[in-house]
Amino acid sequence: QVQLVESGGGLVQAGGSLRLSCAASGRTFSNIAMGWFRQAPGKERDFVAAIGWSGGITAYADSVKGRFTISRDNAKNTVFLQMNDLKPEDTAVYYCAAGPFSRVPDRYNYWGQGTQVTVSS
């Protein structure tokens with residue numbers, strides 16, 4: 001079992017930045033891939049970014065490439081999502097997930113409760 005707790009969401013103006021964190025506990029964190037997903041009201045849960053167990057491989061959705069950066073600190077069992085140049089269309093609940101490295105939500109075994117990110121224009 002893996003327990004995931006996200007933090008760092010909030011309200012920010014367009015062009016601003018936020019850093020999300022996801023703290024993991026319960027099993028060995030360093031050998032599992034992590035992903036970030038987001039879900040806006042009335043929409044499906046979309047892939048944002050993923051990172052391999054060692055941090056050596058990453059993947060990003062086209063909509064966030066060049067603005068968002070995923071990273072992890074295995075010593076602290078934490079994965080981060082640095083979000084820069086935020087846009088109103090980035091508004092959503094952001095979830096972290098643990099499982100096989102994938103862009104597909106259903107491939108992930110464990111999910112956090114989510115943190116709200118709201119970007120005002």
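This is a predicted model: local features need pLDDT of at least 70, side-chain atom pairs count only at pLDDT 80 or more; totals for chains, interfaces and linings use all residues.

User: Where do D90 and R67 sit, and how many residues apart are they?

Analyst: Elements here are DSSP runs, numbered from the N terminus: helices (H or I, at least four residues) and strands (E, at least two). D90 is in the loop between β8 and β9. R67 is in the loop between β6 (58–60) and β7 (68–73). The pair links distant parts of the chain, 23 residues apart.

User: Is D90 buried or exposed?

Analyst: Buried means under 20% relative accessible area, exposed over 50%, partly exposed in between (1.4 Å probe, protein chains only). D90 has 0% relative accessibility, so D90 counts as buried. R67, at 9%, also counts as buried.

User: Which residues do salt bridges with shared partners join into one network?

Analyst: D90 also meets R38 in a salt bridge, at 2.9 Å, N to O. R38 lies in strand β4 (residues 33–39) and D90 in a loop, so this pair ties together parts 52 residues apart in sequence. Both D90 and R38 are buried. The network joins R38, R67 and D90.

User: How many salt bridges does the structure hold?

Analyst: Besides the two pairs with D90, K65 and D62 meet at 3.3 Å, N to O. D62 has 66% relative accessibility, so D62 counts as exposed. The structure holds three.

User: R72 is buried yet has no salt bridge; which is the nearest side chain of opposite charge?

Analyst: R72 is in strand β7. For charge, Lys and Arg count as positive, Asp and Glu as negative; His and the chain ends are not counted. The nearest side chain of opposite charge lies 8.3 Å away, and it is D73.

User: Which side chain does R72 join in a polar contact of 2.7 Å?

Analyst: A polar contact is a pair of N or O atoms within 3.5 Å; within protein, one must be able to donate a hydrogen and the other to accept it, and residues adjacent in sequence count only if both atoms are side-chain atoms. The backbone oxygen of W53 is 3.4 Å from a polar atom of the R72 side chain. The side-chain partner at 2.7 Å is N74.

User: How many residues are in the largest nonpolar core?

Analyst: A nonpolar core is a set of buried Ala, Val, Leu, Ile, Met, Phe, Trp, Tyr and Cys residues joined through side-chain atoms within 4.5 Å. The residues with the most contacts inside this one include W36, L81 and Y94. Elements giving two or more residues to the core include β3 (18–25), β5 (46–51) and β11 (115–120). The residue count is 36.

User: What is the handedness of the disulfide between C22 and C96?

Analyst: A disulfide is a pair of cysteine sulfur atoms within 2.5 Å; those of C22 and C96 are 1.9 Å apart. The pair links strands β3 and β9, 74 residues apart. The torsion about the S-S bond is about 45 degrees, so the disulfide is right-handed.

Note on methods:
Residues are numbered from 1 along each chain as its sequence is written. Side-chain values use heavy atoms; hydrogens and water are left out. A salt bridge is a side-chain nitrogen of Lys or Arg within 4 Å of a carboxyl oxygen of Asp or Glu.
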